[in-house]
Amino acid sequence: MAVLAAKGIIKIDLKTTGSSTSVFETGSLSVSSIHVDTSNIASPPKPLLIISPTVQGTYPVLLFLHGYELRNIFYTHLLRHISSHGFIVVAPQLYGLIPSSGIKEIRSAASVTNWLSTGLQSVLPEKVKPDLQKLALSGHSRGGKAAFALALGYAESSLKFSALIGLDPVAGKGQCCQTDPKILTFLPHSFNLTIPVSVIGTGLGNEQRNCIKCPCAPDGVNHVEFYSESKPPCSHFVTSDYGHMDMLNDNPPGFRGVVSGYKCKNGSCPRDPMRKCVGGIFVAFLKAYLDGETADFKAIVNDPGLAPVKLDPVEYIES
């Protein structure tokens, strides 16, 4: 049973358990991938990959920020999984060949957020409408850190976010080497956020690929610290046998795609179950906190074995 908490946040009662979930499988809705360049009549501030259901309806919106030196198209399988369960996913390409500074990256994400209310409807399939009252924010790697920074107000946006997901977020090379802006305080529950937060980490992200490569998600500035600094309600899921890039498509194209396969320690198992797991957690969390449909989220928290890959640990602090 879901009820509204004092601040309007859905409160989840884990005592009423769910025993199964379908969020790890592709959803029932057909989806389309829409590429919108800055030259489009809708004039987005950054090139966009939008994945939307094609079935008539009004859907929540998820803004997804790509990882460092990666492209938004590297995540299409993951984002299509999420969209097939009833979400419009907007994934901007925040920079080109040369990565922007952390602050500029956050401002770019804010500019895309501000564009949503005026431009998004015009590029969606016919009879598909965005519900910007149900807007969630997410990102991977440094994009995960950028998502937290945007939610914390490091750049101004005209829309309010209702939920936040960090996908193996990373804030630098170590506690003494945070990227700007330095958002981690290393104090429990110190993030000044009043929205539900979920952090998805990887078990191999803090390990070196080889003796000359630093870990892609070093201890002290990775998912563990982001979860520690989040206020309730917050949740934490760790895919213990997978690495920092294992939610990307198989064999992403181009030079950056090839390099992405060698930068970090990867898991030895196929990526498809990892993408289904991450996508399912996204869906369950968003359905719980945007729509009040809590059964799938409760089922995963109470029985992590339902996931297609090993989740350990799984943590949840209610509001």
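The model is predicted, so local features need pLDDT of at least 70 and side-chain atom pairs count only at pLDDT 80 or more, while totals for chains, interfaces and linings use all residues. Residues are numbered from 1 along each chain as its sequence is written, and side-chain values use heavy atoms, with hydrogens and water left out.

A search of the whole structure finds 10 salt bridges, each being a side-chain nitrogen of Lys or Arg within 4 Å of a carboxyl oxygen of Asp or Glu.

Select Glu69 and Lys263 to begin, and you will find a salt bridge whose closest N and O atoms are 3.3 Å apart. Glu69 lies in the loop between β5 (57-65) and α1 (76-83) and Lys263 in the loop between α5 (254-260) and α6 (271-291), so the pair ties together parts that are 194 residues apart in sequence. Helices (H or I, at least four residues) and strands (E, at least two) are DSSP runs, numbered from the N terminus.

Is each partner buried or exposed (under 20% relative accessible area is buried, over 50% is exposed, and in between is partly exposed, with a 1.4 Å probe and protein chains only)? Glu69 is partly exposed at 29%, whereas Lys263 is buried at 17%.

Next, select Lys287 and Asp296, whose side chains meet in a salt bridge of 2.8 Å, N to O. Lys287 is buried, with a relative accessible area of 15%, and Asp296 is buried too, at 11%.
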